[in-house]
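Look at the model first, then read on.

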Amino acid sequence: MAFTLGERLQLGIHGLLPPCFVSQDVQLLRVLKNYDMKKDDLDRYVFLMGLQDRNEKLFYRVIMSNVERFMPIIYTPTVGLACQLYGHIFRRPRGLFITIHDRGHIAAILKNWPEINVRVVCVTDGERILGLGDLGCHGMGIPVGKLALYTACGGVPPQQCLPVTLDVGTDNEVRKLVQLILEQTKYGMDCLIQFEDFANINAFRMLNKYRNKFCTFNDDIQGTAAVAVAGLLAALRITKTKMCDHTIVFQGAGEAAMGIAELVTMAMEKEGLPKEEGLKKIWMVDSKGLIVKGRDQLTHEKERFAHEHQQMKKLEDVVRELKPTVIIGVAAVSRAFTEQIIRDMASFNERPIIFALSNPTSKAECTAEQCYTLTEGRAIFASGSPFDPVTLETIPTFSLVWDWASLHVDYRISQRRFSLQQQR
């Protein structure tokens, strides 16, 4: 409907459209009107994905008109539900689906992609989609949504983005398939290859193997770390402390925890603390309890953060024993930060730093309201998914406002109301 009369005559479509011309501004208003009529976030997701299929320019105009509003729909937390129901809401394929049976034909499959100048490839094997487990090819919603953010927030032209989902059937085949794709890619060595939601063991191996051979990036290890440490640095301005003054306990010991911990130790090194001393200030709790030296079946990555201490099973006991100044949740264990843990953090910290970073929202370790209420507004809180604004009566509160797309962190103090606006 935005085509002018001259364009319609040139394209041979005059008479095939209603005899009026509608600008993109008016189209935007119509989309927003229809969007507001949808009954829930999944319907809104399906509506926006349909718009992306039929009118990509208008889709990005809508997203960029209010990124804060639409990001939680096209990505976390709604994309998690969309991936779980992917087979029910599937309309048109987006991206490349490559299986282990396509070995020997990888180059031909890559040639089937219509765009030549691809600059960013986001690839997942669907094994660790958010906190939802292995979703197979249903995980395609993740690279599609992630690359939409590359365009809306980073300005990368959508035709230069390629989502890829690998179906390897068994874990032990994944690295072989990735190697075949990287070796036969036609996009050049300066094309960014982003690994997304791979299982821990494969993620670390592939990043270490290819990081100096290709332009690779792991969002779960490196991206989350960059934003989380940015949040910690902002928190230091509130507490008027240095990074090396803090003791950090992680709920979780996967890719995100390892990535954040590694970057934290680098920040401590920059402050003058030797790396080995920095490692001693970081503790991790996985599904089997506190990671300590001598515990069975520790991976190489976990060994680096294992310290001399008695074994402890419960996070509550770990927090009470170690008295950390910072707790960070990245294990996708819903409500892992119990009332007792939050109260304990507030009892031995004037300004406890509590980051509930797991997403989608249903997997968050605690809510913003729980954190601020139980600490009487003293906590410095951030989360990986958005929460509604919280009002605390006559209690000074602190709000950490995250813009995950641009890695910008701002902070503000208020007397009564704070607004939490964070997207990953």
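In this predicted model, the lining of the second largest pocket has 11 nonpolar, five polar and five charged residues. The largest pocket is lined by 17 nonpolar, 13 polar and 12 charged residues.

**Second largest pocket**
- Its volume is about 440 Å³.
- Of its 21 lining residues, Glu56, Arg94, Trp113, Pro158 and Cys161 are the closest to the centre.
- At least two lining residues come from each of α3 (41–54), α4 (56–65), α9 (141–154) and β3 (161–167).
- α9 gives the most, with five residues.

**Largest pocket**
- The volume here is about 850 Å³.
- The lining holds 42 residues, and the closest to the centre are Arg128, Asn200, Gly254, Glu255 and Val330.
- Elements that each supply at least two lining residues include α11 (200–210), α12 (219–239) and α13 (255–270).
- β7 (282–286) and α15 (300–303) also each supply at least two.

**Annotated binding site**
- An unreviewed UniProt entry places the feature "binding site" at Arg128 and Asn359.

- Arg128 sits in the loop between β2 (120–124) and α9.
- Arg128 has 28% relative accessibility, so it counts as partly exposed.
- Beyond its neighbours within four places in sequence, Arg128 contacts Gly133, Asp197, Phe198, Ala199, Asn200, Asp220 and Glu255.
- Asn359 lies in the loop between β10 (353–356) and α18 (368–374).
- Asn359 counts as buried because its relative accessibility is 5%.

Key:
Residues are numbered from 1 along each chain as its sequence is written. This is a predicted model: local features need pLDDT of at least 70, side-chain atom pairs count only at pLDDT 80 or more; totals for chains, interfaces and linings use all residues. Side-chain values use heavy atoms; hydrogens and water are left out. On a 1 Å grid over the protein atoms alone, a cavity is a set of points where a 1.4 Å probe fits but cannot get out, and a pocket is an open set with protein on both sides within 12 Å along at least five of seven lines; lining residues have an atom within 4 Å of a point. Grid points are joined across faces, edges and corners, and a volume is the space filled by probe spheres set on the points. Helices (H or I, at least four residues) and strands (E, at least two) are DSSP runs, numbered from the N terminus. Ala, Val, Leu, Ile, Met, Phe, Trp, Tyr, Cys and Pro count as nonpolar, Asp, Glu, Lys and Arg as charged, and the others, Gly among them, as polar. UniProt positions are given in the numbering used here, feature names are shortened, and annotations may be inferred rather than shown by experiment. Buried means under 20% relative accessible area, exposed over 50%, partly exposed in between (1.4 Å probe, protein chains only). Contact means heavy atoms within 4.5 Å.
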